[in-house]
Structures are given as C-alpha cells and as structure tokens.
Amino acid sequence: MGSAGYGFVPVHAKILKGEPIDVFNYGKHRRDFTYIDDIVEGVIRTLDKIASPNEAWSGDAPDPGSSAAPYRLYNIGNSQPVELMHYIEVLEDCLGRKAQKNLLPMQPGDVPDTYADVEDLKNDVGYRPATPVEEGVRRFVEWYREYDPELFRRLAS
C-alpha cells in the first residue's frame, strides 16, 4: 500500500529500526493510499478493454479527453484519501511499534490532498479499488514478515 511521495517500505523499516520519520504538514495532508492487489486488478481488467478511436476528433478543435489514436489512460487508485497521521497510526499498530516522528511544515510545491478519480475505470471496466488502508497495511506487514522473516527480525531488534 503506497502513495506517490511516501514510500511504504522505507517508512516501515525506519519505524522498526527506531529511526525517526519525516512527517510533512504535521501529518495533516491526505493521500490516496492504494493496495497493490487493487492496482493489479485494475490493470488486468483494462487489458481486455481495447480502446477505440474517436471518429469525431479533430486537430482543429481537439478534445483533450479523446483522440484519433486508440488509447485510454486510467487512474487506478483507492479514491478515498486518508490523513497521513492515520496511515502512520495504522502502520504503528500493525508493526507493534510507535514511530519517532519529525513533524515538519508542508514542503514547497506539495499539495494538502490528493486522490484518484476512478470514474472512467469504473464506467469502462466496472472496477473501483476498495481495499481500506487498515486492511492493506495489515496485509503488507503480514506479507513482509513471511517474505523476509530474517530481515524483519533484524529490523525489529
């Protein structure tokens, strides 16, 4: 489960090692964390949906949402923004360890909230990612413990 700009693995490793993590905007911004299985399912569903060209498209009056070329772009995300501080609390619960947080102001150029608009994905292939952050983080931590138990033990000791 991750979001652009907030890598999941480095954050959980720092928490396990007892190293501080930087929490920008004092944890108040919201991000659209999406579980990897939801992304994979969205990609698989779009593979069978071949795009068709818009025959009415014209370079004289272009429609930025379509083209004469047969392609389609989909935003695949959970579309349910979660406050960063809640995400960290869920991660702490799943790891069984509290994070040392460097609470910092918002970074220049950052935005307070992001989320995926998945209406095209829903309308075209009938899919909307829906794994709650609590479940996605829990599944990731379980997977990581099984994938590399020695590393997990070393990080946590």
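User: What is Asn 78 in contact with, leaving aside its neighbours within four places in sequence?
Analyst: Asn 78 is in contact with Asp 32, Phe 33, Thr 34, Pro 129, Ala 130 and Thr 131, where contact means heavy atoms within 4.5 Å. This is a predicted model, in which local features need pLDDT of at least 70 and side-chain atom pairs count only at pLDDT 80 or more, while totals for chains, interfaces and linings use all residues. Residues are numbered from 1 along each chain as its sequence is written, and side-chain values use heavy atoms, with hydrogens and water left out.

User: And where is Asn 78 placed, and is Asn 78 buried or exposed?
Analyst: Asn 78 sits in the loop between α2 (36-47) and β3 (82-83); helices (H or I, at least four residues) and strands (E, at least two) are DSSP runs, numbered from the N terminus. With a relative accessible area of 2%, Asn 78 is buried, given that buried means under 20% relative accessible area, exposed over 50% and partly exposed in between, for a 1.4 Å probe and protein chains only.

User: How high is the mean pLDDT of the chain?
Analyst: The chain has a mean pLDDT of 88, and 93% of its residues reach 70 or more, pLDDT being the predictor's confidence in each residue, from 0 to 100. Among the elements of the chain, the highest mean pLDDT, 97, belongs to strand β4 (residues 100-103), and the lowest, 81, to helix α6.

User: Where does pLDDT stay under 50?
Analyst: That happens over residues 2-6, for which the model has 12 contacts beyond four places in sequence.

User: Back to α6, then: how do the axes of α5 and α6 cross?
Analyst: The axes of helix α5 (residues 133-147) and helix α6 (residues 149-156) come within 5 Å and cross at roughly 110°. Axes here are lines fitted to C-alpha atoms, for helices over the stretch in contact, and angles run from 0 to 180 degrees between N-to-C directions. That makes α5 roughly perpendicular to α6, since angles of 65 to 115 degrees count as roughly perpendicular, under 35 as roughly parallel, over 145 as roughly antiparallel and the rest as oblique.

User: Which residues make the contact?
Analyst: From α5 the contact is made by Val 141, Tyr 144, Arg 145, Glu 146 and Tyr 147, and from α6 by Pro 149, Leu 151, Phe 152 and Leu 155. These divide into seven nonpolar, no polar and two charged, where Ala, Val, Leu, Ile, Met, Phe, Trp, Tyr, Cys and Pro count as nonpolar, Asp, Glu, Lys and Arg as charged, and the others, Gly among them, as polar.

User: How many aromatic pairs does the structure hold?
Analyst: It holds five aromatic pairs. In one of them, the rings of Phe 140 and Trp 143 have their centres 5.8 Å apart and their planes at 40°, so the pair is tilted. Rings of Phe, Tyr and Trp (its six-membered ring) pair if their centres lie within 6.5 Å, and planes under 30 degrees apart count as stacked, over 60 as edge-to-face and the rest as tilted.

User: Where do Phe 140 and Trp 143 lie?
Analyst: Both are in helix α5, three residues apart, about one turn of the helix. Phe 140 is buried at a relative accessible area of 11%, whereas Trp 143 is partly exposed at 44%. Together with Tyr 144 and Tyr 147, Phe 140 and Trp 143 form one aromatic cluster.

User: Changing topic, what is the phi of Asn 25?
Analyst: Asn 25 has a positive phi of about 55° although it is not a glycine, and Tyr 26 likewise has a positive phi, near 55°. Most residues other than glycine have a negative phi.

User: Where is Asn 25 found, and what is Asn 25 in contact with?
Analyst: Asn 25 is found in the loop between β1 (20-23) and β2 (30-31), and counts as buried at 16% relative accessibility. Beyond neighbours within four places in sequence, Asn 25 is in contact with Leu 104, Pro 105 and Met 106. Tyr 26 is also found in the loop between β1 and β2, and counts as partly exposed at 43% relative accessibility.

User: What does Phe 24 touch?
Analyst: Not counting residues up to four places away in sequence, Phe 24 touches His 29, Leu 84, Leu 104, Pro 105 and Gln 107. Phe 24 has its place in the loop between β1 and β2, and is partly exposed with a relative accessible area of 22%.
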